[in-house]
2 protein chains.
Amino acid sequence: MAELQHKIVLDESQLPTRWYNLVPDLPSPPPPPLHPGTLQPVGPADLAPLFPDDLIAQEVTGERYVEIPGEVLDVYRLWRPSPLYRAHRLEKALGTPARIYYKYEGVSPAGSHKPNTAVPQAYYNASAGVRRLTTETGAGQWGTALAFACAQFGLDCEVWQVGASYDQKPYRRIAMETYGATVHRSPSELTASGRSIRAGDAHHPGSLGIAISEAVEVAAGDPETRYALGSVLNHVLLHQTVIGEEALLQFAAVGEVPDVIVGCTGGGSNFGGLTFPFLREKLAGRMSPVIQAVEPASCPSLTRGTYAYDFGDTAGMTPLLKMHTLGHDFVPDPIHAGGLRYHGMSPLLSHVYELGLIEALALPQTECFAAGLQFARTEGIIPAPEPTHAVAACIREALACRESGEEKVILTALCGHGHFDMPAYAAYLADEMTDEDVTDERLAPSLDALPTVPA
Amino acid sequence: MAELQHKIVLDESQLPTRWYNLVPDLPSPPPPPLHPGTLQPVGPADLAPLFPDDLIAQEVTGERYVEIPGEVLDVYRLWRPSPLYRAHRLEKALGTPARIYYKYEGVSPAGSHKPNTAVPQAYYNASAGVRRLTTETGAGQWGTALAFACAQFGLDCEVWQVGASYDQKPYRRIAMETYGATVHRSPSELTASGRSIRAGDAHHPGSLGIAISEAVEVAAGDPETRYALGSVLNHVLLHQTVIGEEALLQFAAVGEVPDVIVGCTGGGSNFGGLTFPFLREKLAGRMSPVIQAVEPASCPSLTRGTYAYDFGDTAGMTPLLKMHTLGHDFVPDPIHAGGLRYHGMSPLLSHVYELGLIEALALPQTECFAAGLQFARTEGIIPAPEPTHAVAACIREALACRESGEEKVILTALCGHGHFDMPAYAAYLADEMTDEDVTDERLAPSLDALPTVPA
């Protein structure tokens with residue numbers, strides 16, 4: 001039989017040495033974060049208790065490129081460059097003339113794209129003399145990545161994990177502990193915010209908002225401790241652009257140009273990381289892919305949210321961020337793609353969406369898991385629940401090509417494997433998974449109570 | 001900082017196109033399997049109800065090389081060639097002048113080396129018109145690999161999983177089902193052998209021996225069904241030699257030659273797969289590595305077993321195999337490296353050990369998990385419990401080099417990741433893991449009851 005190339009592999013010497021900052025290439029910059037009291041843009045001093053200077057500088061930089069430190073590159077090389085795959089076997093199963101590629105981030109130690117930013121965050125904190133990082137995690141992908149990164153740079157790592165996930169997904173907690181992190185069930189007795197919740201309900205299932213409050217409280221109260229966030233912010237998306245820069249090299253190696261790029265969006269870091277370098281090429285007129293963000297129908301911030309200033313957390317402890325939001329007290333249905341259950345969206349990605357540079361699509365989770373199953377049985381990799389959304393959108397596009405006969409080149413962001421999420425597949429296989437509709441009444445009522453920001 | 005190369009990556013075009021058969025290069029062939037009734041060597045007709053002709057031919061072939069079919073290579077390319085890593089960060093943590101390399105098989109869809117043989121077994125069965133494969137699995141690594149392989153070739157896959165593992169490790173079962181396999185808790189009501197056990201205890205925890213009996217019984221009773229085995233037999237070790245052939249190319253690429261090769265041994269397929277091509281080079285005088293098999297102290301078939309004819313399964317349904325055995329009714333302590341809890345050893349590997357071509361070492365599991373933890377925190381990958389044995393032996397060797405100042409090149413077989421085995425790490429971290437000694441009284445009493453084989 002004819003030899004088909006499945007993997008486009010780069011040598012370590014081809015690992016990108018700088019991150020790409022999309023902001024200076026946009027027609028206008030994104031609106032700045034505001035202090036909720038003064039409604040003035042937040043400055044470095046406001047952020048210093050939580051982040052080291054290098055990361056604050058990256059958050060607001062106007063430079064197009066930021067050099068990746070050698071110490072970070074050395075850890076990246078444990079798994080990067082990550083492979084780009086041509087999905088020959090999926091194409092054949094679909095009977096499509098489309099050529100499907102997927103950039104696979106599940107080869108990282110934590111099994112997702114999250115270490116791309118966890119590693120530099122740990123590095124810059126260690127360089128600044130920080131001894132300990134705190135963070136929150138839901139299902140645990142971000143906590144696992146930060147635990148791994150802290151082990152690489154000799155930092156203590158303390159994770160507040162949403163109580164319900166802590167109870168239901170012990171494998172993720174054990175992975176964090178294997179890397180040396182300390183994991184607390186949130187709400188915990190260790191913080192004032194945790195104790196106040198527990199006073200009402202000692203077995204409270206927790207929420208991402210509460211876990212953020214606990215991690216931030218501990219970091220703010222100890223000069224040797226800082227806080228780390230796994231998505232949403234500019235510097236996080238900046239670090240993730242290593243994905244897209246590699247993918248550009250890989251497409252060049254096989255002489256292809258994508259017509260369509262699809263990725264899932266929770267806070268936006270996986271999607272931004274893959275697509276921003278392609279967006280640079282698009283803005284420069286060197287290619288013209290359709291770029292599509294895919295979100296769960298049960299948490300549709302881009303497709304049904306309001307573009308407004310809102311808090312990044314449920315408790316209202318963060319600066320106000322201009323973003324597509326369902327309201328900071330919106331509680332999504334308990335779908336299985338935990339990494340996509342965020343009420344807001346990266347302000348930078350929201351801005352890009354407002355500029356009309358990307359499209360957005362919301363999909364029900366049963367369609368996504370059907371796609372995940374078909375992907376596993378053809379390509380072998382069991383996708384995490386989050387990227388099944390991208391796979392489902394990719395399959396829609398490929399089937400449309402079967403109808404139209406178009407030989408489109410589709411690029412899909414496969415941001416992680418599902419090894420720690422198998423109960424979600426069990427629910428799908430047992431026909432116990434449902435799709436929830438979000439009624440208009442549930443959307444954004446909390447926004448009415450927010451301070452009015454002058455235009 | 002200076003750039004260190006972590007991964008030695010081969011292009012798909014460098015994927016080996018043939019498997020290596022060690023037998024013709026040995027000074028004498030291994031003793032043949034015998035029919036337990038006649039004590040005569042088994043012939044193809046004896047095996048035909050269980051295996052297709054192509055695999056039976058490979059089991060007894062005298063050819064040095066067997067061509068890998070194009071259809072198998074096309075599936076191999078989903079993850080092969082697998083990376084060879086230089087463990088710079090582990091070396092630094094150990095302060096050793098040794099250079100440590102590890103060949104990582106966890107990049108396969110099933111997360112271990114097992115698909116290397118599952119894929120050709122599924123292919124040859126599908127080519128022979130077989131419709132369904134049955135097999136047994138303990139912890140589930142083999143069952144997962146066969147489920148994946150059957151999905152690739154449109155075969156039904158039916159797995160009998162040891163009851164205790166079925167109950168305790170649901171993630172593995174879900175992975176098999178995600179690939180489309182049907183998984184039964186063994187002992188089951190579906191077979192006579194299962195029913196006879198369940199009659200005594202409806203909640204019997206099962207054993208590998210019982211699960212084999214069920215899978216063999218179903219295969220033997222249906223002309224469109226065959227049985228697949230994941231280790232021990234010659235054709236299984238043959239398929240795994242793709243690991244060692246790749247590693248030879250990768251060492252050549254960096255201009256290194258291993259002084260020591262360590263791998264863990266259960267049935268022997270991971271160890272044989274990596275080391276046989278190096279053994280070919282050693283027998284030809286082109287290199288002279290020390291080759292060391294590492295087994296658990298609680299199941300020490302090579303280091304404390306008897307070299308004798310014994311049954312491959314507990315129930316005595318298989319041919320008699322000349323191997324290092326602890327007795328077919330030996331029940332190892334419930335250690336966490338489920339893949340190493342086998343009473344016997346591959347006859348081919350046993351023969352190689354008798355010829356003095358390899359060494360063997362038994363290690364307690366707590367030392368292995370300590371090594372696994374150190375590996376995860378330096379190299380990022382969480383090893384499966386089985387290869388922590390190889391990692392522990394590698395660390396012993398590297399620390400000896402620190403004492404002696406020798407700059408040895410050590411090659412380690414990292415045959416899989418531990419994503420589905422996290423409870424084992426939890427037990428270690430909670431200080432709940434113990435080491436069991438095997439008393440001499442427990443070793444091999446069942447051998448006395450076996451038929452005497454004429455010399």
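## Terms and model

Two strands pair if DSSP finds at least two bridges between them. Strands (E, at least two residues) and helices (H or I, at least four) are DSSP runs, numbered from the N terminus.

This is a predicted model: local features need pLDDT of at least 70, side-chain atom pairs count only at pLDDT 80 or more, and totals for chains, interfaces and linings use all residues. Residues are numbered from 1 along each chain as its sequence is written, chains are lettered from A and ligands numbered from 1 in the order in which they are written, and side-chain values use heavy atoms, with hydrogens and water left out.

## A sheet in chain A

Chain A holds an open sheet of 4 strands. The order is 8-7-6-9, with parallel pairing. Strand 8 (182–186) and strand 9 (225–227) of chain A stand at the edges. Each has a single partner strand, so one side of each lacks a neighbour in the sheet.

Strand 6 (residues 132–137) and strand 7 (residues 156–162) of chain A pair over 6 bridges. A:L133 stands opposite A:C157 in strand 7 of chain A.

## Where the chains meet

The contact (heavy atoms within 4.5 Å) takes 46 residues from chain B and 47 residues from chain A. The rule finds 6 salt bridges across this interface. A salt bridge is a side-chain nitrogen of Lys or Arg within 4 Å of a carboxyl oxygen of Asp or Glu. The side chains of B:E12 and A:K7 meet in a salt bridge, at 3.3 Å from N to O.
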